[in-house]
Amino acid sequence: MQAAHKEHLYKLLVIGDLGVGKTSIIKRYVHQNFSSHYRATIGVDFALKVLHWDPETVVRLQLWDIAGQERFGNMTRVYYREAMGAFIVFDVTRPATFEAVTKWKNDLDSKLSLPNGKPVSVVLLANKCDQGKDVLTNNGLKMDQFCKEHGFVGWFETSAKENINIDEASRCLVKHILANECDLMESIEPDVVKPHLTSPKIVSCSSCAKSYRPQFWRATVLEGQRLPCYFLLGFGHGL
Ligand SMILES: Nc1nc2c(ncn2[C@@H]2O[C@H](COP(=O)(O)OP(=O)(O)OP(=O)(O)O)[C@@H](O)[C@H]2O)c(=O)[nH]1
Ligand SMILES: [Mg+2]
C-alpha cells in the first residue's frame, strides 16, 4: 500500500535591518549562490523552496523577503498576514542591527499571532559569521538566554557567503511550525485521534539541530523558482 501523502504550505517571513543579509540568505538557500554586490530590496520579494521532509511529507516554504527599509512601518502588518514563522536576521559585524532585533520581534508579535493566539515561531539568525567579528555571539549562553527572554525558538550563526547553518536554521523553524500545527489541530478538534507524527516535538533548538537525520532533508523539485507576486497573493492571503 502507498504511504499517505501530506503537503504543507507555509508562509515564512525574513525580516531584520537594512543590509544584514536577508536576500543573500534566501538566495543561498534557494538558488545556492551568493553575490557580494548589495542591492537593497524594495518592498517585498518572494521565493519558493520545496522540501521533501520525509517519505510522506512535502513542505513548501513561501519565503517573504521584506526590505529592511520597511522598518516596522505600516506595510509590515500587510506583509505579515498569515505567516506561520519567521527568521529575524542581524549582522554580527554591526551591533546596531542586533539592537534592532527586539524591535522587529515586538513589531511581529504585535501584528501577527497563530489562530490559537500564540506567537508564531521565530528563529534568530546571526549572519555574516564568516567575518570573524562575532563578538556578539561568542557567548552562547547569553544568546540562549536572550532567545528565551524574547521568545525565539532558537538562534544560529549563519553565513550566506560560506553557506553555514542556513539549512539547519530552516529545519529548526519548520520542525517548530509542524509541532505548532499539531497543537492547533488538537485545540480545534479535541476529540480526534492524534495523527501519527514522524518527527518528535522539539523543545529547544540546540537539541533539534543535533537530532536531525540528514536523509529527511532533501530539497529539490521547484527549488529556485521565483514566483510572481500575483501567484503568491493568490494563496488565500487576501491582500
Ligand atoms: N561576508 C558576508 N557578506 C554578506 C553575507 N550575507 C550578505 N552579505 C553581504 O551584505 C550585503 C547586504 O546583503 P543583502 O542580502 O542584500 O541584505 P538585505 O538584508 O537583504 O538588505 P535589504 O534588502 O536592504 O533589507 C551584500 O553586499 C551581501 O553580499 C554573509 O554571510 N557574509
Ligand atoms: Mg534584501
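Modeller: Start with Thr-41 and Thr-23. Their side chains make a polar contact of 2.9 Å. Bear in mind that this is a predicted model. Thr-41 belongs to the loop between helix H1 and strand S2, the latter spanning 44-54. Is Thr-41 buried or exposed? Thr-41 counts as buried because its relative accessible area of 15% falls under the 20% limit.

Now take the other partner. A polar atom in the Thr-23 side chain is 2.8 Å from an oxygen atom of ligand 1. Thr-23 therefore has polar contacts on two sides, since both distances are within 3.5 Å: one with Thr-41, one with ligand 1.

Two further side chains reach ligand oxygen atoms. For Tyr-38, a side-chain N or O atom is 2.5 Å from an oxygen atom of ligand 1. For Lys-128, the corresponding distance to an oxygen atom of the ligand is 3.0 Å. How much of the ligand does the protein bury? On its own, ligand 1 exposes 660 Å², and the protein buries 92% of that area. The ligand sits in the largest pocket.

Next, the shell. It holds 24 residues around ligand 1. The closest are Lys-22, Ser-24, Tyr-38, Gly-68 and Asp-130. Sorted by class, 12 are polar, seven nonpolar and five charged. Which element gives the largest share? That is helix H1, residues 22-31, with three residues.

Just past the end of H1, Gln-32 has a positive phi of about 55°.

Most residues other than glycine have a negative phi.

Now compare some pairs that lie apart in sequence. Asp-144 is in helix H5, residues 140-150. At 38% relative accessibility, Asp-144 is partly exposed. How far is Asp-144 from Trp-155? The two are 11 residues apart in sequence, and their C-alpha atoms are 7.6 Å apart. Their side chains are joined by a polar contact of 2.8 Å.

Helix H6 holds Asn-180. Asn-180 counts as buried because its relative accessibility, 18%, is under 20%. Between Asn-180 and Ser-121 there are 59 residues of sequence separation, yet the C-alpha to C-alpha distance is 8.3 Å.

One more pair involves Arg-71. Arg-71 lies in the loop between strand S3 (57-66) and helix H2 (75-80). With 40% relative accessibility, Arg-71 is partly exposed. Trp-104 is 33 residues away from Arg-71 in sequence, with 7.8 Å between the C-alpha atoms.

Back to the starting pair. Thr-41 is buried and contacts Thr-23 through side chains. Thr-23 in turn has a polar side-chain atom 2.8 Å from an oxygen atom of ligand 1.

Note on methods: Residues are numbered from 1 along each chain as its sequence is written. Chains are lettered from A and ligands numbered from 1 in the order in which they are written. This is a predicted model: local features need pLDDT of at least 70, side-chain atom pairs count only at pLDDT 80 or more; totals for chains, interfaces and linings use all residues. Side-chain values use heavy atoms; hydrogens and water are left out. A residue is near a molecule or strand if one of its heavy atoms lies within 4 Å of it. A polar contact is a pair of N or O atoms within 3.5 Å; within protein, one must be able to donate a hydrogen and the other to accept it, and residues adjacent in sequence count only if both atoms are side-chain atoms. Accessible areas come from the Shrake-Rupley method with a 1.4 Å probe; for residues, only the protein chains shown count as cover. On a 1 Å grid over the protein atoms alone, a cavity is a set of points where a 1.4 Å probe fits but cannot get out, and a pocket is an open set with protein on both sides within 12 Å along at least five of seven lines; lining residues have an atom within 4 Å of a point. A molecule sits in a cavity or pocket if more than half of its atoms lie within 2 Å of its grid points. Helices (H or I, at least four residues) and strands (E, at least two) are DSSP runs, numbered from the N terminus. Ala, Val, Leu, Ile, Met, Phe, Trp, Tyr, Cys and Pro count as nonpolar, Asp, Glu, Lys and Arg as charged, and the others, Gly among them, as polar. Buried means under 20% relative accessible area, exposed over 50%, partly exposed in between (1.4 Å probe, protein chains only).
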